[in-house]
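Please look through the sequence and the structure shown here before reading on.

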Amino acid sequence: MVPVLDMPCNGKRGLLERMVFRGIVFNMSWEDPEMDRLAFGVGPQDTVISITSGGCNPLNLLCQSPRKLFCVDGNPAQTALLELKLAGIARLDHQTFFDIFAARKPSRVLQVYRPLLRPHMSARSRAFWDKRLWMAARDLYRFGSLGLFYRILRRFLRLLGIPLKRADEFFELRSLEEQNAWYQKHAAPKLWGKWSRRFVQFKPFLYVAGVHPKQFALVDGRHDIYDYVKERFEYALTKVPIYDNYFLSMAITGRVRGERVPPYLLRENFQTLRGNLDRVRVVNGWLGPFLDSQPPSSINKFNLLDIFDWMTAAQFEATMKSVLRAAAPDARLIYRSGSYRLDPPASIRPHLHHHAELARELFARDRSATYGSFYVFSVRDGHAPKREMLP
Ligand SMILES: C[S@@+](CC[C@H](N)C(=O)[O-])C[C@H]1O[C@@H](n2cnc3c(N)ncnc32)[C@H](O)[C@@H]1O
């Protein structure tokens with residue numbers, strides 16, 4: 001069984017956050033792993049840390065065989081989802097694992113949970129799934145907050161006159177020309193207007209989609225959330241090849257297609273994942289305190305998703321100081337933001353080298369249509385200054 005570390009949870013979380021971000025919020029991760037793979041270039045000597053979220057991110061990184069992989073999340077339900085997947089990798093054959101986590105025949109989880117998966121999970125995650133296995137058995141991607149949001153979105157698209165059958169054919173298109181023609185003919189005339197503006201501006205919908213209240217304020221405060229969502233969606237639907245876009249396929253049609261799935265679900269990676277399970281450490285807790293509990297200069301790669309959009313400026317700076325302290329020489333970190341620009345705090349920037357061109361290049365290929373910006377940094381001076389040395 002993969003060891004699970006429970007960190008004391010001392011962070012003060014707002015009422016709204018505690019109400020919205022409980023239970024499984026992210027039934028899958030919306031970060032394009034191909035960008036992470038090219039940004040990191042993970043090697044067998046690397047100690048990697050990743051925010052867990054839907055578990056997809058850390059497992060995609062585990063396919064690249066790092067020396068050690070820490071998976072950290074402050075929401076124990078997200079950790080429980082990761083533990084279910086890790087137990088599946090340890091005890092199931094690939095077809096059963098795929099049927100459950102690509103939701104081809106999800107009810108197969110009912111036969112294997114008690115005899116094979118449950119013994120391989122922590123007590124907290126067993127207690128979670130003992131009550132909620134129906135979510136996995138009836139298709140994980142229909143449940144959790146994000147699952148609920150997908151269903152609301154699909155109903156809304158149908159109300160706008162975009163039939164599912166039509167959307168299905170869109171995901172089989174093989175060229176940007178065809179995508180553009182389809183989009184201009186079947187989507188653009190119906191998709192944007194007063195109803196979608198009301199839909200996007202109705203905060204509870206976006207909270208259910210996993211947009212943190214601070215993130216909503218950050219994006220809407222700077223860019224008008226409707227214009228932002230329109231620009232991001234149009235970009236992904238018309239400028240990025242749609243054929244293997246499993247993010248939008250899941251959200252818009254409720255399923256992934258064939259082998260067009262995240263790397264961790266592919267048959268070719270299954271034995272590698274199983275062989276790498278002893279390198280995984282699961283952490284229930286918040287990133288800053290966990291990093292401060294680690295030896296200085298001990299982590300090579302930091303996959304931080306969009307957690308800084310969830311923070312105040314002071315929390316952003318404090319967490320980045322913890323990153324610098326734990327960073328090994330020439331460590332690399334990546335993060336995303338809902339806003340078009342979220343630079344590191346001024347006190348931190350001198351310690352970082354910005355791989356701006358690489359980030360721009362990779363961001364242009366982002367299939368997720370979720371983020372406004374993507375950042376790739378390496379720790380500049382090789383010896384992360386001791387925390388107290390920083391201003
Ligand atoms: C930042 S959210 C965003 C998810 C992302 N958009 C996705 O699609 O996967 C991802 C996860 O980060 C966790 N999280 C947020 N702030 C954190 C922190 N400071 N430390 C650890 N986990 C954190 C949340 O509980 C959530 O599961």
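**Cavities, cores and strands**

The largest cavity is lined by Met28, Ser29, Cys56, Phe101, Ala102, Tyr141, Tyr246, Met250, Val256, Pro262 and Leu265. This is a predicted model, in which local features need pLDDT of at least 70 and side-chain atom pairs count only at pLDDT 80 or more, while totals for chains, interfaces and linings use all residues. Residues are numbered from 1 along each chain as its sequence is written, and side-chain values use heavy atoms, with hydrogens and water left out.

**Cavities**

- A cavity is here a set of points, on a 1 Å grid over the protein atoms alone, where a 1.4 Å probe fits but cannot get out, and its lining residues have an atom within 4 Å of a point.
- Grid points are joined across faces, edges and corners, and a volume is the space filled by probe spheres set on the points; by this rule there are three cavities of 30 Å³ or more.
- The largest cavity has a volume of about 70 Å³, and its lining divides into 10 nonpolar residues, one polar and no charged, where Ala, Val, Leu, Ile, Met, Phe, Trp, Tyr, Cys and Pro count as nonpolar, Asp, Glu, Lys and Arg as charged, and the others, Gly among them, as polar.
- The second largest cavity, with a volume of about 40 Å³, is lined by Arg154, Leu157, Arg158, Ile162, Pro163, Leu164, Ala167 and Ile252.
- In the lining of this second largest cavity there are six nonpolar residues, no polar and two charged.
- Helix H8 (144–159) and helix H9 (164–170) each supply at least two residues of the lining of the second largest cavity, and the largest share, three residues, comes from H8; helices (H or I, at least four residues) and strands (E, at least two) are DSSP runs, numbered from the N terminus.

**Nonpolar cores**

- A nonpolar core is a set of buried Ala, Val, Leu, Ile, Met, Phe, Trp, Tyr and Cys residues joined through side-chain atoms within 4.5 Å, and buried means under 20% relative accessible area, exposed over 50%, and partly exposed in between (1.4 Å probe, protein chains only).
- The largest nonpolar core has 107 residues, of which Met28, Trp129, Leu191, Leu248, Tyr264 and Phe374 touch the most other members.
- Helix H4 (residues 76–91) gives the most to this core, contributing eight residues.
- Apart from this core lies another, of 31 residues, among them Met7, Phe70, Val323 and Leu333.
- In soluble globular proteins, nonpolar side chains tend to be buried together.

**Strands and their pairing**

- Two strands pair if DSSP finds at least two bridges between them, and strand E2 (residues 47–51) is joined to strand E5 (residues 299–303) by three bridges, the two running parallel, with isoleucine 49 having phenylalanine 302 as its bridge partner in E5.
- Five of the five residues of E2 are buried, and both of its faces are covered, with Thr47, Ile49 and Ile51 on one side and Val48 and Ser50 on the other.
- E2 also pairs with E3 in the parallel sense over five bridges, and there serine 50 stands opposite cysteine 71 in E3.
- Strand E3 (residues 68–73) in turn pairs with E4 in the parallel sense over five bridges, where phenylalanine 70 has arginine 281 of E4 as its bridge partner.
- Strand E4 (residues 280–284) is mostly covered, with four of its five residues buried, and three bridges join it in parallel to strand E1 (residues 4–6).
- E5, with five of its five residues buried, pairs in the parallel sense with strand E6 (residues 327–337) over four bridges.

- Leucine 160 is found in the loop between H8 and H9, and it counts as buried because its relative accessibility is 17%.
- Contact means heavy atoms within 4.5 Å; not counting residues up to four places away in sequence, leucine 160 touches Lys190, Leu191 and Trp195.
- Leucine 191, leaving aside its neighbours within four places in sequence, is in contact with Leu157, Leu160, Ile162, Tyr183, Ser196 and Leu237.
- Alanine 346 lies in the loop between E6 and strand E7 (352–354), and it counts as exposed because its relative accessibility is 57%.
- Alanine 346 and glutamate 317 are 29 residues apart in sequence and 8.8 Å apart in space, C-alpha to C-alpha.

Definitions and conventions:
On a 1 Å grid over the protein atoms alone, a cavity is a set of points where a 1.4 Å probe fits but cannot get out, and a pocket is an open set with protein on both sides within 12 Å along at least five of seven lines; lining residues have an atom within 4 Å of a point.
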